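Let's take a friendly walk through a protein chain together.

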Amino acid sequence: MTQQSETNTTTATTGSSATVTTDPTDTTLPEDPAGAAVTTEPAGAPSPSAPSPASPLAPFPPLAEPRPLGERRVWPRTFHDRLTAPLPGLKAMARFAREGAVRPGREGLADIPRLPFEPGPLPRVDTRTVAVTWAGHASWVLRIGGLTVLTDPVWSRRILGTPARITPVGVAWEALPPVDAVVISHNHYDHLDAPTLRRLPRDTPVFVPAGLGRWFQRRRFTRVTELDWWEAAELSGVRFDFVPAHHWSKRTLTDTCRTLWGGWVLTDPDGQRVYFAGDTGYGHWFGRIGRRYPGIDLALLPIGAYDPRWWLSDVHCDPEEAVRAAQDLGARRMAPMHWGTFVLSAEPVLEPLTRVRTAWEKAGLDREDLWDLPVGASRVLE
């Protein structure tokens, strides 16, 4: 878990110590900015894109009504209370300094030439087609409900604090269709890349975690929607729900957990549903997401940056945990991500792929439902 900083941001104050929530049955409600509890069972009718209450796939609790696009919100000064594990303390930092193994050795890097890279043309789609193309790391070109959505777009060759990417971007920027929306999972540099975002028109709709809107507004983005966990917004009939993750946020020396983190569930008018996990460890949130958003057709789940486990297990799934998460979600298919692009940790570069394939087979799941795409490749939901 590397701590990164951004020198051109000047935020003040540090957060309070983390509150650890490890009980999967815990129903403690988060506080809204005004101090009132945010109910996990919103009032009002379920969203039009959700199954009817009589359906065996009805969400529980019912989904929240979509919030207005671009709504200005007031947020708490810190989201430390959303942590599901404590951030590293002095003992962990001392151990990390002693052991210091955050990159694979020569043998672990030897397979870089074997990393799967097969760029191809984007599939042709219509308004009822759902298709995904893996650009690398957590960056996807998602086509859903007639929209082209980018997830955590990082088209840069380098990000702060890491070596250059070991596979090229799978989709040339010039080959992208007009981008209709962007979703951001959290503010770490390998997920929120300022040089890439500068390439977008400033009126591109952007969906971001609570507290991150100001970062975009300072860069003159004009259509920024901030959401808390379990909240949603709609764009051209596609529903964007922001959901919890087992992670954290930090971009400068003084802003730890000052913005929220999470994943996104996108649902088209026909009810086709894609879950983008962003960056997360394994834990109880997956089962809750699966209950609230039944019928997930495809889960985009991270499988890399997991070694050493004592350092990273709270915030990054390993391949076996990612397969378990897909099962907890009730997802029909899984597409691995967050591996084979940036060297962020100590596991051999090809190991995440071999381990996720083995875990999928051991779980007795249909091989066709593991979309282990090469960087640049695409699949279309049938």
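## A strand with two partners

In this predicted model, strand E2 (residues 139-144) pairs with E3 in the antiparallel sense, over 5 bridges. Within this pairing, Trp140 stands opposite Thr151 in E3. The hairpin of E2 and E3 has 2 residues between the strands, and Gly145 takes a positive phi near 60 degrees there.

E3 also pairs with strand E4 (residues 181-183), this time in the parallel sense, over 3 bridges. Here Val149 stands opposite Ala181 in E4.

## Is E3 buried or exposed?

Strand E3 (residues 147-151) is mostly covered, with 5 of its 5 residues buried. Leu147, Val149 and Thr151 point one way from the strand, while Thr148 and Leu150 point the other way.

In soluble globular proteins, nonpolar side chains tend to be buried together. The largest nonpolar core here has 76 residues, and Phe240, Tyr275, Ile289, Leu301 and Met334 touch the most other members. Helix H7 (residues 319-329) gives this core its largest share, 5 residues. A second, separate core holds 23 residues, including Val171, Val179, Leu192 and Phe221.

What does Met334 touch beyond its neighbours within four places in sequence? Its contacts include Leu298, Leu301, Ala322, Trp360 and Trp371.

## The whole chain

Stepping back, the protein chain has 8 helices and 13 strands. Buried residues make up 56% of its 382 residues. Its accessible surface comes to about 16,100 Å², and 52% of that belongs to carbon and sulfur atoms.

Key:
Residues numbered from 1 in each chain as written. Predicted model: local features only at pLDDT ≥ 70, side-chain atom pairs only at ≥ 80, totals over all residues. Heavy atoms only, no water. Helix = DSSP H or I, 4+ residues; strand = E, 2+ residues; numbered from the N terminus. Buried < 20%, exposed > 50% of the residue type's maximum accessible area, 1.4 Å probe, protein only. Areas by Shrake-Rupley, 256 points an atom, 1.4 Å probe, with all protein chains shown as cover. Core = buried A, V, L, I, M, F, W, Y, C linked by side-chain atoms within 4.5 Å. Contact = heavy atoms within 4.5 Å. Pairing = 2+ DSSP bridges.
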